[in-house]
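Here is a set of questions on how the chains of a complex meet. Each answer sets a value against its definition.

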Amino acid sequence: MFENILENVREKTPIIHTITNYVTVNDCANIILAAGGSPTMSDSIYEVEDITSISNALVINIGTLNEELVQSMIKAGKKANKLGHPVVLDPVGVGASAFRTKFIFDLLKEVNFSVIRGNISEIKTVYKGRGTTKGVDADDKDAVSDDNIDEVLVYIKDLSRKTGAIIAVTGAIDIVASSEKAYIIRNGHPLMTKVTGTGCMLTTVIGSFCGGNKENILEATAAAVSAMGLCGELAYNKLEKVGGGTSTYRTYIIDFMSNMNSEILNGGAKVEIR
Amino acid sequence: MFENILENVREKTPIIHTITNYVTVNDCANIILAAGGSPTMSDSIYEVEDITSISNALVINIGTLNEELVQSMIKAGKKANKLGHPVVLDPVGVGASAFRTKFIFDLLKEVNFSVIRGNISEIKTVYKGRGTTKGVDADDKDAVSDDNIDEVLVYIKDLSRKTGAIIAVTGAIDIVASSEKAYIIRNGHPLMTKVTGTGCMLTTVIGSFCGGNKENILEATAAAVSAMGLCGELAYNKLEKVGGGTSTYRTYIIDFMSNMNSEILNGGAKVEIR
Amino acid sequence: MFENILENVREKTPIIHTITNYVTVNDCANIILAAGGSPTMSDSIYEVEDITSISNALVINIGTLNEELVQSMIKAGKKANKLGHPVVLDPVGVGASAFRTKFIFDLLKEVNFSVIRGNISEIKTVYKGRGTTKGVDADDKDAVSDDNIDEVLVYIKDLSRKTGAIIAVTGAIDIVASSEKAYIIRNGHPLMTKVTGTGCMLTTVIGSFCGGNKENILEATAAAVSAMGLCGELAYNKLEKVGGGTSTYRTYIIDFMSNMNSEILNGGAKVEIR
């Protein structure tokens with residue numbers, strides 16, 4: 001299914017300029033390396049344009065947003081747009097504060113994104129301009145299920161049409177959609193919600209996969225989402241065997257990304273196209 | 001001994017607004033999840049009030065204090081007080097710089113804390129207004145022992161009376177005290193001092209336990225201190241069996257928190273009440 | 001070969017004031033503890049002088065440089081110079097932005113360094129005032145090999161003469177040199193490049209070893225470089241046996257540092273003096 005996507009990343013080793021939160025940044029850097037990219041974290045307004053210029057993709061994550069990051073993210077985003085680099089947005093916790101919500105809409109006016117990835121509550125907030133949120137977690141009543149997936153797909157595709165970005169919604173069921181085509185992905189494991197930053201990590205894996213496949217953003221994003229979920233499954237299976245808790249689980253998730261190859265990915269991907 | 005404390009956390013999944021240092025923040029987020037809470041790290045002055053408002057408890061840790069955090073901590077603390085949320089303080093390294101020491105006293109004037117947790121040198125500095133410190137570690141000559149514990153208890157209880165906060169002093173022997181009642185806790189392992197942030201992590205576990213048990217702060221804090229120490233013991237026992245060093249040990253500590261339950265906790269707690 | 005170097009660190013437990021990036025800071029703190037030091041991370045301009053004053057060595061790493069860190073690094077560096085503390089510089093990504101490059105030269109004018117450690121592209125940029133770089137990784141065409149090592153040694157020794165600092169260049173072959181004497185070190189494993197921050201961690205290990213051996217900076221630095229590479233080898237051997245990926249590998253690297261002793265170090269060191 002995902003032909004050459006992973007091989008392209010490993011072969012090109014794209015440099016991923018990542019402006020992100022200080023909570024999960026180390027795991028993000030390590031999983032970029034595990035995926036086959038090269039992480040470069042830099043957020044000073046004095047250098048973000050220089051750093052973006054030597055990179056192959058840009059990831060913006062607002063997990064610990066502040067006034068200075070606001071400026072740097074816009075500056076880097078515009079530069080990446082000018083250079084034609086894939087730009088990936090993780091609107092962490094949008095809706096949780098007026099500051100975050102306002103910034104996301106300012107950012108969407110200033111920067112064109114290739115991919116926007118969030119949980120369903122975050123994506124709904126981006127779509128509707130307001131939303132409910134439980135901090136950085138999705139609100140349970142928003143959850144995507146087999147019952148509501150058709151309605152969800154309608155507005156996800158509409159959001160893609162309006163923003164020009166591929167939309168990736170992750171949760172028990174993941175959706176990766178353009179305005180016309182959607183991948184429904186059923187990889188992953190519930191224990192992933194007990195490790196901080198699995199969402200942030202996925203966003204940087206998407207950045208890495210897109211950085212190595214810039215002509216094929218939709219499929220690269222779907223492959224990244226499926227690969228991350230599969231790592232969650234494989235890590236859980238190993239954890240069941242050897243024993244341990246959520247910190248060992250975190251280690252195994254990144255381990256399996258570093259050992260991922262196309263055979264494992266295509267053998268384990270649970271993907272349906274609508 | 002600790003009836004329903006842990007169950008309440010796991011059932012309510014309290015959101016823990018954590019304003020902390022960038023050194024150990026990831027471990028703090030992961031151990032909050034492991035304990036049963038939901039971590040939300042956010043420190044921008046533009047949003048801390050919004051974030052505190054959707055949370056159930058606030059943790060303030062001054063490990064990497066700077067001028068902006070000073071403002072955010074006071075703002076978030078006042079808001080949490082207004083909302084009646086438990087507020088937990090970790091005065092990391094107080095006494096190591098004039099800036100930290102001054103800030104802690106400003107903070108204590110502006111914000112009412114439910115719990116203050118530190119090593120003995122930090123707590124002594126908070127009590128006496130000055131102190132010796134070896135960076136972020138306690139000064140050996142301050143250490144709590146069976147010889148001096150009675151005198152220590154006198155001023156710990158007095159500090160609790162003066163601040164209105166439960167005081168948690170951790171080291172080889174831990175003390176959790178109100179002005180009237182003290183838990184002496186003998187859980188833990190010396191190797192925990194070779195993992196950065198075990199103190200910071202404990203403070204966020206206290207925040208999680210208090211967030212789920214806001215009517216019972218003293219017992220919740222004692223349970224958190226005992227649980228963390230017990231994780232240190234169980235992790236050490238496992239490390240002895242399978243081999244490894246301090247990084248594996250860190251992983252196991254968080255693992256055991258994620259697998260903790262009331263039976264394990266009450267079976268392993270080494271607690272005496274005075 | 002390295003007589004008492006490690007013993008001195010473990011015995012003195014030097015406090016290492018570390019002003020570094022937020023990406024790898026937790027691993028740096030843990031490996032300082034593993035090496036036998038005591039980490040103190042603090043970067044506020046309001047307290048860096050106080051913190052340096054109670055420390056035994058200073059490490060400056062510009063991985064996520066910004067305008068405020070610029071001021072703090074210079075202030076702390078000058079204070080450490082006044083106190084006669086070893087000061088170690090990691091010029092991460094110098095050459096990747098005009099801001100970083102300019103700052104490094106400003107810093108070299110203001111502060112005297114005991115050791116400068118970088119990959120070959122970074123060190124070349126420090127020497128020549130400009131350079132090529134691939135973000136935070138060395139440019140392949142700069143790599144030190146048996147073919148070009150003699151020419152490299154000439155300018156490394158010249159850089160040491162000009163700066164007064166021991167120069168540590170790490171890569172497939174490592175060089176630690178004063179203006180007169182060079183250690184060529186062949187420890188390490190290629191998989192270390194797939195873990196973020198192995199370079200940053202090494203710099204803090206150098207800080208720890210120098211903090212415990214301030215009269216013997218050249219040998220302490222060579223011992224640190226050899227010890228870190230050896231941890232990479234031992235961790236790889238263990239990984240081969242038990243299975244896993246790059247995150248487990250990271251854990252093992254720090255584990256082996258915590259279990260390092262002079263016998264293991266001198267038994268495994270692959271060092272040649274020229």
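This is a predicted model: local features need pLDDT of at least 70, side-chain atom pairs count only at pLDDT 80 or more; totals for chains, interfaces and linings use all residues.

Residues are numbered from 1 along each chain as its sequence is written, chains are lettered from A and ligands numbered from 1 in the order in which they are written, and side-chain values use heavy atoms, with hydrogens and water left out.

Q: What is the mean pLDDT of chain A?
A: The mean is 96, and 97% of the residues of chain A reach 70 or more. pLDDT is the predictor's confidence in each residue, from 0 to 100. For the complex, the predictor gives an ipTM of 0.96 and a pTM of 0.97.

Q: How many residues do chain A and chain C bring to the contact?
A: Chain A gives 30 residues and chain C gives 30 residues, where contact means heavy atoms within 4.5 Å. The buried area is about 2300 Å², with 49% of it from carbon and sulfur atoms; this is the accessible area (1.4 Å probe) that two parts lose on being put together, summed over both.

Q: Why is the pair Arg100(C) and Glu47(A) called a salt bridge?
A: A salt bridge is a side-chain nitrogen of Lys or Arg within 4 Å of a carboxyl oxygen of Asp or Glu. The rule finds one salt bridge across the interface of chain A and chain C.

Q: Which elements give two or more residues to the side of chain A that touches chain C?
A: They are helix H2 (25–35), strand S2 (38–41), helix H3 (48–53) and helix H10 (246–258) of chain A. Helices (H or I, at least four residues) and strands (E, at least two) are DSSP runs, numbered from the N terminus. H2(A) gives the largest share, seven residues.

Q: What makes the relation of chain B to chain C that of a three-fold axis?
A: Chain B can be laid on chain C by a turn of 120 degrees and a shift of 0.0 Å along the axis, with an RMSD of 0.0 Å. That is the relation of a three-fold axis. The superposition is by least squares on the C-alpha atoms of residues with pLDDT of at least 70 in both copies. Of the residues of chain B, Tyr22(B) comes closest to the rotation axis, at 3.6 Å (C-alpha).

Q: Why can one say that chain A and chain C meet through different surfaces?
A: Only 10% of the interface residues of chain A are also interface residues in chain C, so the copies meet through different surfaces.
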